[in-house]
Amino acid sequence: MRKSFWLITLALALSLVLTACGGSGGGAASTTINVTLTDYQFTPNSFTVPAGAQITFTAVNNGSHDHSFLIMNKGSEVSGRFTDADKQNVYWGKEPISIGQTVTDTFTAPSDPGEYQVVCGEQGHFEAGMVAKLIVVK
């Protein structure tokens, strides 16, 4: 009886570890970004990509406004509101993404691992919380 208890406990622990290592939610690096834009959010709001990899980007705008997807340079974060001064700190972006539009494009992920801020540059959207993050891993 005691041996069965420990085997079941071990099997449960192993399944929890395996579940934590895989799956979605930005944890595993991917060479694709699929995002839905609504008013005022990115879904999902976290993306993990390998450093320097070619990334296929697809966005669907299901919102009632035009949107954009702008990856800021590492260490350059928008605060307060997105301004013309912030535009010079965009690593890569797609804009405008019109209402009802689906766009597909490619870009090369940054070669420097770390977290990069993603924002919508449309007026008032950043302030409304339309922010995500790109996590670049080795």
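**Figure 1. Burial of F69 in the predicted model.** In this predicted model, F69 has a relative accessible area of 1% and is therefore buried. The cut-off for burial is under 20% relative accessible area. F47 is likewise buried. F57, at 0% relative accessibility, also counts as buried.

**Figure 2. The aromatic cluster that includes F69.** A cluster is formed by F42, F47, F57, F69, W92 and F107, which are linked through ring pairs. A pair of aromatic rings is described by the distance of the centres and the angle of the planes. Rings are paired if their centres lie within 6.5 Å, and by this rule the count comes to five aromatic pairs.

**Figure 3. Edge-to-face pair of F47 and F69.** The ring centres of F47 and F69 are 5.7 Å apart and the planes stand at 70°, so this pair is edge-to-face. Because F47 belongs to strand β3 (residues 46–50) and F69 to strand β5 (residues 67–72), the pair ties together parts that are 22 residues apart in sequence. Both F47 and F69 are buried.

**Figure 4. Tilted pair of F57 and F69.** For F57 and F69, the ring centres lie 4.7 Å apart and the planes are at 45°, so the pair is tilted. F57 is located in strand β4 (residues 54–61) and F69 in strand β5; the pair therefore ties together parts that are 12 residues apart in sequence.

**Figure 5. The open sheet containing β3 and β5.** Five strands make up an open sheet in the order β3-β9-β8-β5-β6, and their pairing is mixed. Strands β3 and β6 (90–97) are the edge strands, each pairing on one side only. From one strand to the next, the twist averages 20°.

Figure 6. Five bridges join β5 and β6, which pair in the antiparallel sense. L70 stands opposite G93, a residue of β6.

Figure 7. The loop between β5 and α2 (84–87) contains S76. With a relative accessible area of 18%, S76 is buried, since the cut-off is under 20%. When neighbours within four places in sequence are left aside, S76 is in contact with N89 and Q117.

Key:
Residues numbered from 1 in each chain as written. Predicted model: local features only at pLDDT ≥ 70, side-chain atom pairs only at ≥ 80, totals over all residues. Heavy atoms only, no water. Phe/Tyr/Trp six-rings, centres within 6.5 Å; stacked < 30°, edge-to-face > 60°. Helix = DSSP H or I, 4+ residues; strand = E, 2+ residues; numbered from the N terminus. Buried < 20%, exposed > 50% of the residue type's maximum accessible area, 1.4 Å probe, protein only. Pairing = 2+ DSSP bridges. Axes fitted to C-alpha atoms, helices over the stretch in contact; angles between N-to-C directions. Contact = heavy atoms within 4.5 Å.
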